[in-house]
Amino acid sequence: MPRALAMAPKGKRLRTGTYWLGFAGPGILVYLAFVTIPTVMALWQSFTNKNVFNPPTRWIGLANYRDLFADPAFQHALANTMILAVLTIVIPNVLGLGLAMLIDRTHRFYRALRSVFFVPVILSGVVVSVIWQSILADGGILDTVLVQVGVNDPPGWLTDRHLALYSVATVAIWQSLGFCIVVYLAGLQTIPTELNEASAIDGASAWQRFRTVTWPLLAPATTINTVMLLINAFKTYDQVQVITNGGPGTDATTTLAYNIVTIGFTGNRVGYASTYAVVMLVLTAVVSMVTLRLLQRRERHL
């Protein structure tokens with residue numbers, strides 16, 4: 001027991017003990033069970049050759065890491081993940097801001113539109129992927145529409161290795177767009193109307209009002225959207241598994257998260273999959289922290 005707590009009055013110690021037991025305790029246990037312990041286990045396993053069907057497990061040091069960085073499959077997955085990250089951060093932010101400004105109205109029609117845009121966010125990634133697979137598949141809904149309007153040879157949205165990754169990105173963008181819209185709407189509603197009115201009276205155009213008033217005051221919303229979308233991009237798995245299963249061909253749409261599951265559960269190479277997981281965790285943490293610092297610095301200097 002800490003010295004300060006031991007010297008506290010008995011009633012205060014009881015209240016503190018009740019707090020830890022009833023409120024903080026369960027949360028700490030859940031965090032330990034589902035975050036801390038699995039992370040430590042993955043770190044340890046990354047230095048071993050653990051294979052569920054090929055015991056015994058031996059300590060092999062940095063061998064997994066040397067193999068990983070020389071593995072073309074890892075390089076393809078990393079490149080695909082970075083492409084997805086750029087697409088699923090930039091496009092939802094731009095479209096989300098534009099749509100948020102369009103529906104930032106008090107009429108009930110616009111309130112209903114907000115709900116419509118947010119529906120994909122609360123749907124499971126698997127459900128969304130199944131819906132879009134039926135739309136993008138060869139001979140699917142999109143191809144049928146294109147044929148009806150005169151396109152006789154629609155592209156293979158999921159079978160062309162040059163298009164499949166962008167099809168997966170489209171699904172991820174569609175699902176995350178509603179989140180961006182809601183966050184930007186919340187930011188727009190915190191901007192005092194007097195600022196825009198004063199700018200309009202001074203002769204500022206709509207673009208000038210956006211650039212000098214709206215955009216700077218939306219900096220916190222931009223930070224939230226960018227960091228959340230970045231983390232989600234590095235975890236992309238559902239869309240790849242359901243829509244393309246990593247194809248077409250070899251490594252066309254594989255991501256870091258997809259390879260972790262495939263190597264760990266299909267290939268039973270738990271040690272090597274743990275190495276993937278550790279590298280992905282470090283990469284996500286570093287990129288997220290750098291991005292957050294840069295965006296927060298922008299907020300302070302506006």
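Colleague: Is Leu32 buried, partly exposed or exposed?

Modeller: Leu32 counts as partly exposed, because its relative accessibility is 35%; buried means under 20% relative accessible area, exposed over 50%, partly exposed in between (1.4 Å probe, protein chains only). Bear in mind that this is a predicted model, where local features need pLDDT of at least 70, side-chain atom pairs count only at pLDDT 80 or more, and totals for chains, interfaces and linings use all residues. Residues are numbered from 1 along each chain as its sequence is written, and side-chain values use heavy atoms, without hydrogens and water.

Colleague: Where does Leu32 lie?

Modeller: In helix H2, residues 10-45; helices are DSSP runs (H or I, at least four residues), numbered from the N terminus.

Colleague: Switching to aromatics, how are the rings of Phe47 and Trp59 arranged?

Modeller: That pair is stacked, because the centres are 5.4 Å apart and the planes at 20°. Rings of Phe, Tyr and Trp (its six-membered ring) pair if their centres lie within 6.5 Å; planes under 30 degrees apart count as stacked, over 60 as edge-to-face and the rest as tilted.

Colleague: And which of those two is buried?

Modeller: Phe47 is buried, at 17% relative accessible area, whereas Trp59 is exposed at 56%.

Colleague: What about Phe74 and Tyr276?

Modeller: They are edge-to-face, since their centres are 5.5 Å apart and their planes at 70°. Phe74 is in helix H4 and Tyr276 in helix H14 (residues 270-301), so the pair links distant parts of the chain, 202 residues apart. Phe74 is buried at 5% relative accessibility, and Tyr276 is buried at 1%.

Terms used:
Helix = DSSP H or I, 4+ residues; strand = E, 2+ residues; numbered from the N terminus.
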